[in-house]
Amino acid sequence: MSSNLRGFGVVTAMIELFPAQSLSPLWLACLAAWMLSGCMGGANVKARAQILHQFVVLEQDRRIRYESGAQVYAERVAALLPAAVAQVEAAHYRPFVGAVRLYVCGTEACFKSLVYTPNLTAAVVPDNRLILSPRLFLGEQNRLYPILVHELSHLHLGLQIGHYDHSVPIWFHEGLATLAATGGGAEYASDDDAIAAIKAGYQIMPAVRDSVIKRHRAEDWGLSIHVFYRQALRMVSYLRQLDEDKFRQFLLELQDNVDFDIAFDDAYTSSVARTLQGYYDSINPVR
């Protein structure tokens with residue numbers, strides 16, 4: 001997920017690295033256009049704030065707010081939330097460090113006005129608010145609990161190191177959230193699908209790192225989003241099964257804002273790519 005506000009971070013970093021006089025006129029024009037688009041994005045931020053202000057606090061659980069008319073949906077979430085929070089805290093080896101703020105939309109128009117990425121049923125937006133779509137209460141009721149846990153895992157990590165921080169690979173963000181949710185988020189691809197893709201040469205490369213301006217997503221590995229989530233789940237599960245004490249140390253350091261690769265090496269005394277090679281070798285044995 002992305003935010004217009006993140007563009008300013010990129011622009012600032014580039015200006016610090018490259019003084020204006022060292023940039024070509026074309027680069028300066030691009031930067032100016034990008035900054036202007038960010039300023040224009042402020043209107044979207046203001047509009048979203050106005051929408052959120054209209055949500056009603058659920059008295060049963062004040063962590064939850066709902067669009068007018070969606071109180072029944074919010075009450076369903078309230079019944080599930082304590083168990084979901086406990087499940088995430090157990091998977092992350094620590095309690096939430098900040099407030100859980102959860103917003104239940106009763107209409108698709110509401111959800112689309114708050115979550116700009118298409119085809120989602122839930123999302124944690126950049127200011128660490130969890131938004132739920134009405135689809136989870138209508139056609140996809142069976143996914144409500146696992147998706148709630150999945151998104152709470154994103155929120156748990158985001159409250160500590162920043163929303164969907166680029167220094168942590170997307171495969172780990174999604175693999176951890178799916179692991180916490182016991183497969184929630186990867187329901188539409190099987191282990192067999194993930195293994196078949198690897199055998200066909202389509203797999204996540206754990207040595208590749210993301211940056212502020214380049215996030216490696218499913219299509220970068222030739223994978224569907226569903227198989228990507230299943231592969232990410234299997235990778236993170238392998239790391240935990242290999243040695244849970246080491247996994248726990250790694251995850252706790254990561255949540256303390258230690259660099260991903262440093263935290264991993266501290267715990268496993270090896271790189272993540274070298275360690276996960278054992279997983280890939282188990283699927284495609286070296287002959």
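Which residues line the largest cavity? The largest cavity is lined by P169, I170, W171, I204, M205, V208, D210, H216, W221 and F228, where a cavity is a set of points on a 1 Å grid over the protein atoms alone at which a 1.4 Å probe fits but cannot get out, and lining residues have an atom within 4 Å of a point.

This is a predicted model, in which local features need pLDDT of at least 70 and side-chain atom pairs count only at pLDDT 80 or more, while totals for chains, interfaces and linings use all residues. Residues are numbered from 1 along each chain as its sequence is written, and side-chain values use heavy atoms, with hydrogens and water left out.

The protein chain holds 11 helices and 5 strands, taken as DSSP runs numbered from the N terminus (helices H or I, at least four residues; strands E, at least two). Of its 287 residues, 47% are buried, meaning under 20% relative accessible area, with exposed over 50% and partly exposed in between (1.4 Å probe, protein chains only).

The count comes to 1 cavity of 30 Å³ or more, and the largest cavity has a volume of about 40 Å³, a volume being the space filled by probe spheres set on grid points that are joined across faces, edges and corners.

Two residue groups can be set out by class, with Ala, Val, Leu, Ile, Met, Phe, Trp, Tyr, Cys and Pro as nonpolar, Asp, Glu, Lys and Arg as charged, and the others, Gly among them, as polar.

| Residue group | Nonpolar | Polar | Charged |
|---|---|---|---|
| Lining of the largest cavity | 8 nonpolar residues | 1 polar residue | 1 charged residue |

Helix α7 (residues 191-199) and helix α11 (residues 272-283) pack at an angle of about 90°, with their axes 10 Å apart. That angle makes α7 roughly perpendicular to α11, a term that covers 65 to 115 degrees. In this packing I195, I198 and K199 of α7 meet Y279, Y280 and I283 of α11, contact meaning heavy atoms within 4.5 Å.

Helix α6 (residues 170-180) is largely enclosed by the rest of the structure, because 11 of its 11 residues are buried. These buried residues pack against α3 (71-92), α5 (144-161), α8, α9 (244-255), α10 (260-268) and α11. After α6 comes T182, whose phi is positive, near 50°.

R217 is found in the loop between α7 and α8 (225-242), and at 31% relative accessibility R217 counts as partly exposed. The C-alpha atoms of R217 and I204 are separated by 9.1 Å, the two residues being 13 residues apart along the chain.

Key. Axes are lines fitted to C-alpha atoms, for helices over the stretch in contact, and angles run from 0 to 180 degrees between N-to-C directions. Angles under 35 degrees count as roughly parallel, over 145 as roughly antiparallel, 65 to 115 as roughly perpendicular and the rest as oblique. On a 1 Å grid over the protein atoms alone, a cavity is a set of points where a 1.4 Å probe fits but cannot get out, and a pocket is an open set with protein on both sides within 12 Å along at least five of seven lines; lining residues have an atom within 4 Å of a point.
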